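Dear colleague,

Here is the structure I promised to pass on to you, and below it I have written out what I found when I went through it. Please read the text with the model open beside you.

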Amino acid sequence: MANSDNVLRGGLTPKHIDVTELLKHTLFEGVKPNIMKGNHLGLHEKNYPCPVRDFGINRIELSSNDKYGSVSASLEIIIAIEGGCIINSGEENILLKKGESVTILPETEYKIVSSGHCLLFKAFVPS
């Protein structure tokens with residue numbers, strides 16, 4: 001879309017904003033958000049169903065000395081939202097801190113250990 005002329009801009013860049021046209025396509029009415037509760041997959045993991053077949057997201061929450069183990073069916077991206085943990089994949093230990101992410105290759109067995117509270121999200125392709 002960088003070179004597209006059919007874009008309505010809302011002021012996030014210094015480019016021209018056609019306010020009249022933008023207002024014609026904007027709704028100003030409140031909505032009640034659909035807050036997803038997630039489906040428990042186990043003691044530490046919840047799945048949040050997505051309306052597409054090629055993307056999945058799970059929440060993993062660990063407390064002190066909790067352990068979580070898995071074998072990745074697809075490429076996985078794990079991001080630490082709170083706290084930190086150690087991810088063990090075979091002979092490699094990866095220290096993951098808040099704001100950092102790690103990629104896990106398909107068919108990789110791994111374990112996650114937390115020394116305190118840790119909140120992670122895992123993105124993957126469902127099988």
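Predicted model: local features only at pLDDT ≥ 70, side-chain atom pairs only at ≥ 80, totals over all residues.

I would begin with the open sheet, in which four strands lie in the order 4-9-6-7 with antiparallel pairing. Strand 4 (67-71) and strand 7 (92-97) stand at its edges, and because each has a single partner strand, one side of each is left without a neighbour in the sheet. Direction ignored, neighbouring strands of this sheet are turned against each other by 20° on average.

Going through the pairs in turn, strand 4 is joined to strand 9 (residues 109-113) by five bridges, and within this part of the sheet Tyr 68 stands opposite Ile 112 of strand 9. Strand 9 is also paired with strand 6, in the antiparallel sense and over three bridges, where Asn 88 has Lys 111 of strand 9 as its bridge partner. Strand 6 in turn pairs with strand 7 over six bridges, again antiparallel, and here Gly 84 has Lys 97 of strand 7 as its bridge partner. The hairpin made by strand 6 and strand 7 has two residues between the strands, and Gly 90 in this hairpin takes a positive phi near 70°.

The next point is the packing. The largest nonpolar core has 14 residues, and those with the most contacts inside it are Ile 78, Cys 85, Ile 87, Leu 96, Tyr 110, Ile 112 and Leu 120. At least two residues of this core come from each of strand 3 (56-62), strand 5, strand 6 (84-89), strand 8 (101-104), strand 9 and strand 10 (118-124). In soluble globular proteins, nonpolar side chains tend to be buried together.

Finally, I would draw your attention to Glu 76, which is placed in strand 5 (residues 76-82). Is Glu 76 buried or exposed? Its relative accessibility is 3%, and because buried means under 20%, Glu 76 counts as buried. The side chain of Glu 76 makes a polar contact, at 2.5 Å, with the side chain of Tyr 110, a residue already listed above for its contacts inside the core. Once neighbours within four places in sequence are left aside, the residues in contact with Glu 76 are Val 102, Thr 103, Ile 104, Tyr 110, Lys 122, Ala 123 and Phe 124.

With best wishes

Note on methods: Residues numbered from 1 in each chain as written. Heavy atoms only, no water. Buried < 20%, exposed > 50% of the residue type's maximum accessible area, 1.4 Å probe, protein only. Polar contact = N/O pair within 3.5 Å; in protein donor to acceptor, adjacent residues only side chain to side chain. Contact = heavy atoms within 4.5 Å. Pairing = 2+ DSSP bridges. Axes fitted to C-alpha atoms, helices over the stretch in contact; angles between N-to-C directions. Core = buried A, V, L, I, M, F, W, Y, C linked by side-chain atoms within 4.5 Å.
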